[in-house]
Amino acid sequence: VYAAFNMYWESLPMEPPVLECGRKWHLFADTGNNAPLDIHEVGHEPPLSNARSMQVAGRSVVILVAR
C-alpha cells in the first residue's frame, strides 16, 4: 500500500516506489476525484496508466495498492 498526501493547494507530481517485477500499482482512492471515481471497490481497482509519475490534486490523498 502506498499513500500520497498533497497538502499544498495546487496539483503536484508524485513518483510511487518502483515495484518488484510483475507487480503493478492500482488506484484504490483519490480524494481529488468526484464520486463515484474517488474510491474503487476492493479487488476492482484500475491499474495506473503511468506507474512512474502521477498528479495528485491539491489538498487530496491518493492510495495505491500493489498487485
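Guide: Let's start with Tyr-2 and Trp-25, both of which are buried. Keep in mind that this is a predicted model. The rings of Tyr-2 and Trp-25 make a tilted aromatic pair, with 5.9 Å from centre to centre and 50° between the planes. Those two values are how such a pair gets described: the distance of the centres and the angle of the planes. A search through the whole structure turns up two aromatic pairs. As for what this one does, Tyr-2 belongs to strand β1 and Trp-25 to strand β3, so the pair ties together parts that lie 23 residues apart in sequence.

Now follow Tyr-2 into its own strand. β1 covers residues 2-6, and its covered face is made up of Tyr-2, Ala-4 and Asn-6. On the uncovered face you'll find Ala-3 and Phe-5. To spot one place where they meet, look at Ala-4, whose bridge partner in β5 is Val-62.

Arg-59 isn't a glycine, yet it has a positive phi of about 50°. Its relative accessibility is 58%, which is why Arg-59 counts as exposed, the cut-off being over 50%.

Back to Trp-25, at the β3 end of our pair. β3 spans 25-30, and the loop between it and β4 (54-56) holds His-40. At 18% relative accessibility, His-40 falls under the 20% cut-off and therefore counts as buried. What does His-40 touch, leaving aside its neighbours within four places in sequence? Its contacts are Leu-27, Phe-28, Glu-45 and Pro-46.

The largest pocket holds about 210 Å³. It is lined by 13 residues, and the closest to its centre are Pro-17, Val-18, Leu-19, Ala-51 and Arg-52. Sorted by class, that lining has seven nonpolar residues, five charged and one polar.

Methods: Residues are numbered from 1 along each chain as its sequence is written. This is a predicted model: local features need pLDDT of at least 70, side-chain atom pairs count only at pLDDT 80 or more; totals for chains, interfaces and linings use all residues. Side-chain values use heavy atoms; hydrogens and water are left out. Helices (H or I, at least four residues) and strands (E, at least two) are DSSP runs, numbered from the N terminus. Buried means under 20% relative accessible area, exposed over 50%, partly exposed in between (1.4 Å probe, protein chains only). Contact means heavy atoms within 4.5 Å. Two strands pair if DSSP finds at least two bridges between them. On a 1 Å grid over the protein atoms alone, a cavity is a set of points where a 1.4 Å probe fits but cannot get out, and a pocket is an open set with protein on both sides within 12 Å along at least five of seven lines; lining residues have an atom within 4 Å of a point. Grid points are joined across faces, edges and corners, and a volume is the space filled by probe spheres set on the points. Ala, Val, Leu, Ile, Met, Phe, Trp, Tyr, Cys and Pro count as nonpolar, Asp, Glu, Lys and Arg as charged, and the others, Gly among them, as polar. Rings of Phe, Tyr and Trp (its six-membered ring) pair if their centres lie within 6.5 Å; planes under 30 degrees apart count as stacked, over 60 as edge-to-face and the rest as tilted.
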